[in-house]
Amino acid sequence: MWTYIGKRLLATIPILLGLSVVVFGMMALIPGDPATAILGSYATPENVARLNRQLGLDRSLVEQYLTWLGNLAQGDMGRSYTLNRPVADEVFERFGATLVLAGASLLLCSALGLVAGIAAAVRQFGWTDRIVTFLVLVGISTPSFWLGLLLIMLFAVQLKWLPASGMFAIYGGGDLPDLLAHLALPAVTLAVVATAVIARLTRAAMLEVLRQDYIRTARAKGVSERRVVYRHAFKAALVAVIPVIGIQAGFVLGGAVYIETVFQWPGIGRMLVTAISTRDLLLVQGGVLVVAASYVLFNLLADVAQTVVDPRLR
């Protein structure tokens with residue numbers, strides 16, 4: 001198992017390198033000059049040229065990339081132009097807030113998706129199956145940012161039950177209940193699409209398992225239906241569902257970019273939007289690289305969990 005994990009971790013190195021090249025190249029294609037954006041009204045040709053020399057932006061793109069890559073190998077992501085602080089400090093500070101949001105959304109969508117998928121499969125063609133199928137179609141078809149605005153209008157503006165933005169209250173708060181209140185709307189918004197996907201695939205996996213001969217044999221021997229469903233069928237279906245949950249973890253991280261913007265959540269997604277608009281190259285590269293590495297790690301954990309559930313995969 002440890003050899004397998006080591007090989008998978010080594011395989012992520014070229015993936016992250018390729019991603020860094022793509023991100024660096026795309027940022028270079030964005031119109032505008034970072035020095036001009038930083039200087040603002042003081043952006044005279046002399047000041048822009050001086051700042052470009054100080055930041056190393058007067059060198060070729062290849063030289064800039066290799067310099068950044070060499071510093072990264074030493075654990076240095078560089079210094080943010082606009083924030084005037086180390087990129088690593090800003091990225092990991094923001095990433096903690098993103099993990100709170102993404103983790104809550106992933107737990108929510110996994111629990112709801114598994115329960116809904118099992119209920120729909122056990123009662124195939126019944127009212128439960130029809131309702132779950134309808135809700136799955138609605139969930140997959142609903143844009144998350146639009147749903148977030150609707151939830152803000154209903155629960156924050158009209159009913160005034162939950163706060164509309166931020167991670168904690170501006171005045172007071174700061175405790176766990178305050179965090180949960182601010183987390184409710186963005187976590188639900190981010191979890192809707194992932195819940196629908198997990199429910200749909202869980203239903204399909206359960207239906208396939210419930211048709212197997214050993215399930216019929218267990219029922220013929222008088223095993224209770226609850227034991228058949230949860231002890232035998234669900235465990236077998238979980239092998240096919242775990243990789244889907246791993247993929248949805250990446251979706252949740254990616255969706256955090258616009259959900260954090262809608263709810264003003266102080267995470268890495270909102271940071272990336274601001275960094276792209278100001279052309280803060282090092283901040284964008286550091287943020288994207290951390291998100292990509294987390295996505296790879298989530299998929300690795302999903303693969304390991306799959307082998308634990310089904311030892312035959314080892």
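Predicted model: local features only at pLDDT ≥ 70, side-chain atom pairs only at ≥ 80, totals over all residues.

Colleague: How do H5 and H11 cross?

Modeller: Axes are lines fitted to C-alpha atoms, for helices over the stretch in contact, and angles run from 0 to 180 degrees between N-to-C directions. Here the two axes come within 7 Å and cross at roughly 135°. H5 and H11 are therefore oblique to each other (under 35 degrees is roughly parallel, over 145 roughly antiparallel, 65 to 115 roughly perpendicular, the rest oblique).

Colleague: Which residues of H5 and H11 meet?

Modeller: Contact means heavy atoms within 4.5 Å. Glu90, Val91, Arg94, Phe95 and Thr98 of H5 meet Ile268, Gly269, Arg270 and Met271 of H11.

Colleague: Is Ser294 buried or exposed?

Modeller: Buried means under 20% relative accessible area, exposed over 50%, partly exposed in between (1.4 Å probe, protein chains only). Ser294 has 10%, so it is buried. Ser294 sits in helix H12 (residues 281–309). Beyond neighbours within four places in sequence, Ser294 is in contact with Phe95 and Leu253.

Colleague: What is the phi of Asn84, and what is that of Phe125?

Modeller: Asn84 has a positive phi of about 55°, although it is not a glycine. Asn84 lies in the loop between helix H4 (61–73) and helix H5 (87–122). Asn84 is exposed, at 53% relative accessibility. Phe125, also not a glycine, has a positive phi of about 70°. Phe125 is exposed at 62%.

Terms used
Residues numbered from 1 in each chain as written. Heavy atoms only, no water. Helix = DSSP H or I, 4+ residues; strand = E, 2+ residues; numbered from the N terminus.
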